[in-house]
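Here is a short tour for someone meeting this structure for the first time. Take a look at the model, then read on.

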Amino acid sequence: MDIDKFREETLKRLGLGEVNSGIYDGKWAPVEGRETVTSYSPIDGKPIAKVTLARKDDYDETVKKSKSVFEEFRLIPAPKRGQIIAEIGRALREHKEDLGRMVTLEVGKTKSEGEGEIQEMIDIADFAVGLSRQLYGLTIASERPYHRLYEQWIPLGPVAVISAFNFPSAVWSWNAFIAGAAGDTVVWKPSTKAPLTAVAVMKVISGVFEKHGFPPVYSLIVSKGSEGGNWITDDPELRLVSFTGSTRVGKRISEQVSRRLGRSILELGGNNAAIVTAKSDENIALKGVVFGALATAGQRCTSTRRAIVESSIYDNFLGKLKNAYSKIKVGNPSEKGTLVGPLIDAEAIEDFKNTVETAKRQGGKVIYGGKVVENPTVPGGFYVEPTLIEAHSGMDIVKEETFAPILYVLKYTGIEEALRLHNSVPQGLSSALFTNDMREEEAFLSAYGSDCGIANVNTSTAGAEIGGAFGGEKETGGGRESGSDAWKGYMRRQTVTKNWGDDIPLAQDVVFDF
Ligand code: NAD
């Protein structure tokens with residue numbers, strides 16, 4: 001498809017112009033008098049449109065309104081809040097294709113992945129609706145007569161979400177819809193590499209809260225990371241900062257928020273491995289590894305970056321991998337059949353080139369790809385070849401996350417060595433084991449097994465469902481978002497003790513008579 005036409009039509013469908021307001025606090029701030037950031041499409045490197053950047057006074061006003069709406073919103077019964085989120089889910093369903101196109105245009109995901117991102121928002125909206133009737137607390141047996149002891153969960157306050165470019169809308173919704181069901185208001189600072197998707201999402205959903213008289217439960221402030229990020233991290237009004245992004249920036253966020261004793265949820269970099277054993281189903285392992293390594297051009301936090309393959313099947317599996325890679329279509333992600341789109345920008349291309357060179361210097365052998373695509377189907381875009389590098393455990397570069405379709409292949413003998421290699425990196429997000437052997441599977445899931453937040457058997461490291469808690473250990477930051485009981489991160493727990501007797505017995509039989 002012609003990219004200019006695709007761009008024009010996508011903007012039109014979503015009601016976006018050449019310059020768009022990036023500040024929504026119940027109404028859109030005027031574009032006049034504000035600096036802008038240009039959003040470029042990685043498909044052809046051309047500008048898509050501009051978005052205004054928030055000034056400090058915009059930020060202050062947004063947080064003030066968010067706080068004042070919180071004071072009312074927290075009193076709405078949770079199931080009623082859930083009903084509002086149900087309407088948001090419906091609005092997203094209506095605009096799934098349009099928003100999916102915007103994700104494709106702005107971050108270069110294939111059409112299927114772009115729409116998948118919006119489906120993920122719809123799924124978490126559905127989850128939040130059910131959750132709004134299930135914010136359960138525990139009842140605890142009291143040691144004192146005529147006493148009742150229980151926990152209740154109370155809305156936390158206005159919270160902030162800082163999101164990464166590679167999931168320009170879904171990550172916000174994992175946070176925002178759960179926080180909304182919990183009774184919080186949410187201030188969103190998206191990545192300046194993908195601000196238009198955020199503006200488009202906000203346009204689609206803002207009417208819902210406006211209709212219910214609660215603007216701005218969700219507000220938006222597009223701003224430079226270093227600037228807007230600091231406003232947020234230093235702001236005691238924002239009780240929680242949920243940050244998704246690189247470990248480098250996440251460490252700073254964590255320090256700054258801790259300094260004011262605020263809470264943070266950190267979803268940082270991954271360096272995910274798939275262990276392929278001789279007992280695996282070769283077809284499943286191959287599909288799982290190739291999808292994990294190449295989906296979103298290797299720009300997922302859960303992308304498979306290391307394949308740890310048992311020595312007895314190593315040569316055969318490597319041959320199969322090379323063959324599969326040779327069939328992958330790289331190019332325009334809006335075109336049918338494309339499986340690998342572009343990297344996000346020129347800087348990402350440099351990172352890719354540097355990593356390949358460093359890997360070679362450290363003893364790695366490029367056995368497939370390794371180069372920037374010279375004559376891409378769309379000129380100006382940021383395309384690289386899906387890359388396979390034979391590596392060994394002594395290579396430092398293997399311990400780093402490079403946001404590109406580079407897969408290191410390592411050899412092992414015995415499941416213990418596989419697990420040792422697997423756990424030998426600083427990150428701990430996602431992991432996969434391909435086997436049909438129950439002992440190997442149990443070892444992988446045991447206390448000496450995978451040290452990651454996500455452990456998959458016979459399926460890829462990438463592509464999590466929203467129902468589980470999502471997040472990772474070690475330098476991935478320890479945060480949990482999305483499903484299961486991750487909602488507890490967005491509420492405060494209160495332990496309640498009620499004495500309904502006619503005396504006041506003390507805990508631990510303490511005597512204090514006077
Ligand atoms: P990034 O760290 O460059 O940016 C993330 C966000 O932080 C953006 O909104 C950016 O504007 C902001 N930011 C940048 N500098 C800042 C600063 N000094 N202070 C405050 N905020 C600042 O990350 P990215 O390139 O957008 O995304 C890729 C990274 O995100 C990868 O490392 C990837 O693994 C990680 N990621 C993790 C998860 C997860 O759930 N664990 C999900 C998606 C992406």
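## Salt bridges across the whole structure

Let's start with charged pairs: searching the whole structure turns up 31 salt bridges, a salt bridge being a side-chain nitrogen of Lys or Arg within 4 Å of a carboxyl oxygen of Asp or Glu. One of the pairs is arginine 101 with glutamate 9, at 3.7 Å from N to O. That pair ties together distant parts of the chain, since arginine 101 sits in helix 4 and glutamate 9 in helix 1, 92 residues apart. Helices (H or I, at least four residues) and strands (E, at least two) are DSSP runs, numbered from the N terminus.

## What kind of model this is

This is a predicted model, where local features need pLDDT of at least 70 and side-chain atom pairs count only at pLDDT 80 or more, while totals for chains, interfaces and linings use all residues. Residues are numbered from 1 along each chain as its sequence is written, and side-chain values use heavy atoms, with hydrogens and water left out.

The chain splits into domain 1 (3–268 + 477–494) and domain 2 (272–467), with bounds that come from an automatic or database domain assignment. Taken over C-alpha atoms, their centres are 30 Å apart. On the domain 1 side, 28 residues are in contact with 26 residues of domain 2, contact meaning heavy atoms within 4.5 Å.

About 2,000 Å² is buried between the two domains, and carbon and sulfur atoms give 62% of that. Buried area here is the accessible area (1.4 Å probe) that two parts lose on being put together, summed over both. Pro42, Ile43 and Glu113 supply 23% of the area that domain 1 buries against domain 2, more than any other three residues.

Two salt bridges are counted between domain 1 and domain 2. Glutamate 113 also has a salt bridge to arginine 300, with the closest N and O atoms 3.0 Å apart.

Strands count as paired if DSSP finds at least two bridges between them.

Strand 2 runs antiparallel to strand 9 (residues 218–221), and two bridges join them. Isoleucine 23 has isoleucine 221 as its bridge partner in strand 9.
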